[in-house]
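Here is a short briefing for a first look. Please keep the sequence and the structure in view while reading.

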Amino acid sequence: MFDALRRDVRTVLERDPAARSALEVLLCYPGVHVLAFHRVAHRLWNWGWTTTARFTSHVARFMTGIEIHPAAKVGPGLFIDHGLGVVIGETAEVGENVTILQGVTLGGTSLRREKRHPTLGDNVGAGSVVVREVPPNSVVVGVPGRVTYRDGQRVGGIDLDQVDLPDPVAKAIEQLMERIRNLEAEVEILRKAVAAAETDDKK
């Protein structure tokens, strides 16, 4: 248990330039705290103490804002950065040296009792809602999540750069504003036509 905790701290120090000391990581990183809780909950789950395991994960969620189901399989070297809102479902599997950002959901795709949550391979980075398997050495972005980089190479023709993601709300507002401008122009044309017709009638 202490070896795992030491690795968690070392992982944060290696991957987060904001981390300044092991003590800071130990005291101030909810991603480290939730992993310690998860190890206890996972062990209880495997021993058949499912309600106690669920309660342990519930306490962890209350304290950290991160929800990991006690049955989920989490590999070593997981780094959950700014973890508020992260959800890792019951049948999810997380490989080694994975980085998960805030708000990521490893979401279920079925209501049946089956493998319904995704598996993340080794060396994966996720900043999205992930509902499909993710191959090793990949970066996943967007809702729903899409692989944008694999083995250091861009994947697919759609640019889902993590820094400059498309904003669908802003795009919809922009389209509505354009439509309003067009309608106002048409109303103005009709107003002038009516005024001209009234002038002709008076003559």
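Two strands count as paired if DSSP finds at least two bridges between them. By that rule, isoleucine 100 stands opposite alanine 126 in β9. The model is predicted.

**Strands around β9**
- Strand β9 covers residues 125-130, and two bridges join it to β6 in a parallel arrangement.
- Strand β7 (residues 105-106) also runs parallel to β9, again through two bridges.
- In that pairing, leucine 106 sits opposite valine 130 of β9.
- Strand β10 (residues 138-142) is joined to β9 by four bridges, and these strands are parallel too.
- Here glycine 127 faces valine 141 in β10.

**Threonine 99**
- Threonine 99 belongs to strand β6, which spans residues 99-101.
- Its side chain makes a polar contact with the side chain of arginine 15, at 2.9 Å.
- Beyond its neighbours within four places in sequence, threonine 99 is in contact with Arg15, Phe79, Val124, Gly125 and Ala126.

**Helix α3**
- Helix α3 runs over residues 30-46, which makes 17 residues.
- At 1.5 Å a residue it should span 24 Å, and its end C-alpha atoms are 24 Å apart, so the two values agree.
- Its buried residues are Gly31, Val32, Val34, Leu35, His38, Ala41 and Leu44.
- These buried residues pack against several elements, including α1 (2-15), α2 (22-28) and α4 (50-64).
- The strands β1 (67-68), β2 (73-74) and β3 (79-81) are also among their packing partners.
- Glycine 48 follows α3 and has a positive phi, near 90°.

**Nonpolar cores**
- In soluble globular proteins, nonpolar side chains tend to be buried together.
- The largest nonpolar core here has 22 residues.
- Ile68, Ile88, Ile100, Leu106 and Leu120 touch the most other members of this core.
- Both α3 and β9 supply at least two residues each to this core.
- A second, separate core has seven residues, among them Val12, Val25, Tyr29 and Val32.
- Leaving out residues up to four places away in sequence, leucine 106 touches Val87, Ile88, Gly89, Ala92, Val94, His117, Pro118, Leu120 and Val130.

**Salt bridges**
- Side chains of opposite charge can pair when their charged atoms come close.
- There are seven salt bridges in the structure.
- One of them links the side chains of aspartate 3 and arginine 6, at 2.4 Å from N to O.
- These two residues are three apart in helix α1, so about one helical turn separates them.
- Aspartate 3 counts as exposed because its relative accessibility is 56%, and the cut-off is over 50%.
- Arginine 116 forms a salt bridge with glutamate 90, with the closest N and O atoms 2.7 Å apart.
- Arginine 116 lies in the loop between β7 and β8 (119-120), and glutamate 90 in the loop between β4 (87-88) and β5 (93-94), so the pair ties together parts that are 26 residues apart in sequence.
- Arginine 116 counts as buried, at 18% relative accessibility.
- Glutamate 90 counts as partly exposed, at 23%.
- Arginine 112 and glutamate 114 also meet through their side chains in a salt bridge, at 3.5 Å from N to O.
- Arginine 112 is exposed, with a relative accessible area of 57%, whereas glutamate 114 is partly exposed at 32% relative accessibility.

Definitions and conventions: Residues are numbered from 1 along each chain as its sequence is written. This is a predicted model: local features need pLDDT of at least 70, side-chain atom pairs count only at pLDDT 80 or more; totals for chains, interfaces and linings use all residues. Side-chain values use heavy atoms; hydrogens and water are left out. A polar contact is a pair of N or O atoms within 3.5 Å; within protein, one must be able to donate a hydrogen and the other to accept it, and residues adjacent in sequence count only if both atoms are side-chain atoms. Contact means heavy atoms within 4.5 Å. The expected span of a helix is 1.5 Å times one less than its number of residues. Buried means under 20% relative accessible area, exposed over 50%, partly exposed in between (1.4 Å probe, protein chains only). A nonpolar core is a set of buried Ala, Val, Leu, Ile, Met, Phe, Trp, Tyr and Cys residues joined through side-chain atoms within 4.5 Å. A salt bridge is a side-chain nitrogen of Lys or Arg within 4 Å of a carboxyl oxygen of Asp or Glu.
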